[in-house]
Amino acid sequence: MTDTTTARDPRRPDTDGVDSGVGLTALLVAAARAIETYRHDSLARDGHAEHFVHAAGACADWPVRIEQVPDGDGDPLWGRFARYFGLRTRVLDDFVARSVGADARQVVLLGAGLDTRAFRLDLPSHCVVFEVDRAGVLDFKQRVLTELAAAPKAKHVPVPVDLRADWVTALTSADFDPAAPSVWLAEGLLFYLPGPVETYRVDAVDRLTVPGSALAFEAKLEKDLLAYRDSAIYTATRQRIGIDLLDLFDKGPRPDSAGDLAAKGWSTAMHTPFDFTRRLGRSPLPEPDDALEGNRWVFAYKPRA
């Protein structure tokens, strides 16, 4: 994953890189999950999320309730954008719960960030959740969860490795079994990577999986990202909390990973976030010149013979 570093305020507690670059986006999503958790019409609940926000110096003053946002859902960052992350969390929660069964006992979270699915989803006790991310991010998360005395509902295996390094060896060394069906999640990850790196990641998942496995990931349609420079959600994120997402996203051509998987025999389906908005009856809905219009959620299944 692209590793963008910013200067650290020495007065703030050390959170091992979570306060900078892509790591800071994990805190943004955690804040969004916290806000979603306490909505009256919540789509997903994560009681741990607000504690990550409070523990990181860079965002200790971010809201964790929609009531703390003056404009409520009218706020482009903590209203509409946070609601998008809440919707994404729910849809991918459902994917994991649906895909984990009697045969698929392994879940791999690529670029796990501050994901807490091993702690909050009702997964089978025989399930193993592998979290692949940088050591600093995983250590920060574990410190917070330990302070909360949080216990995982499935076996929880952190795999501390930079995704630019040999993460495949790190994963298999952590007792991931390529001969057993598995469920993979790349939430908010691939569009930070150059196209060839995304292709390598997806090919690696194909090599590490057997029939009965599943993969979900978020993609962006290829489009000039600068066209979204003045969009409300990206402008608010940049100006108010210092995260320039468009600078973090890779600007190169995007591969057709869904098509590549289909060519390898996977069954694939691609949806817009708004498909699930309509299905679940929650916002966000499309807007003119919408920065979310190019986002796609891909669900792929490796069928049995």
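I looked up D290 first, and at 4% relative accessibility D290 counts as buried (buried is under 20% relative accessible area, exposed over 50%, partly exposed in between, with a 1.4 Å probe and protein chains only). I note that this is a predicted model, in which local features need pLDDT of at least 70 and side-chain atom pairs count only at pLDDT 80 or more, while totals for chains, interfaces and linings use all residues. Residues are numbered from 1 along each chain as its sequence is written, and side-chain values use heavy atoms, with hydrogens and water left out.

I then found that D290 forms a salt bridge with R80, with the closest N and O atoms 2.7 Å apart (a salt bridge is a side-chain nitrogen of Lys or Arg within 4 Å of a carboxyl oxygen of Asp or Glu). D290 lies in the loop between α11 and β7 (295–301) and R80 in helix α3, 210 residues apart (helices are DSSP runs of H or I with at least four residues, strands are E runs of at least two, numbered from the N terminus). R80 is also buried, at 12% relative accessibility.

I next checked R83, which forms a salt bridge with D41 at 3.2 Å between the closest N and O atoms; R83 sits in helix α3 and D41 in the loop between α1 and α2, 42 residues apart. R83 is buried at 3%, whereas D41 is partly exposed at 23%.

For D73 and R39 I noted a salt bridge of 2.9 Å, N to O, where D73 is partly exposed at 45% and R39 is buried at 7%. The structure holds 26 salt bridges.
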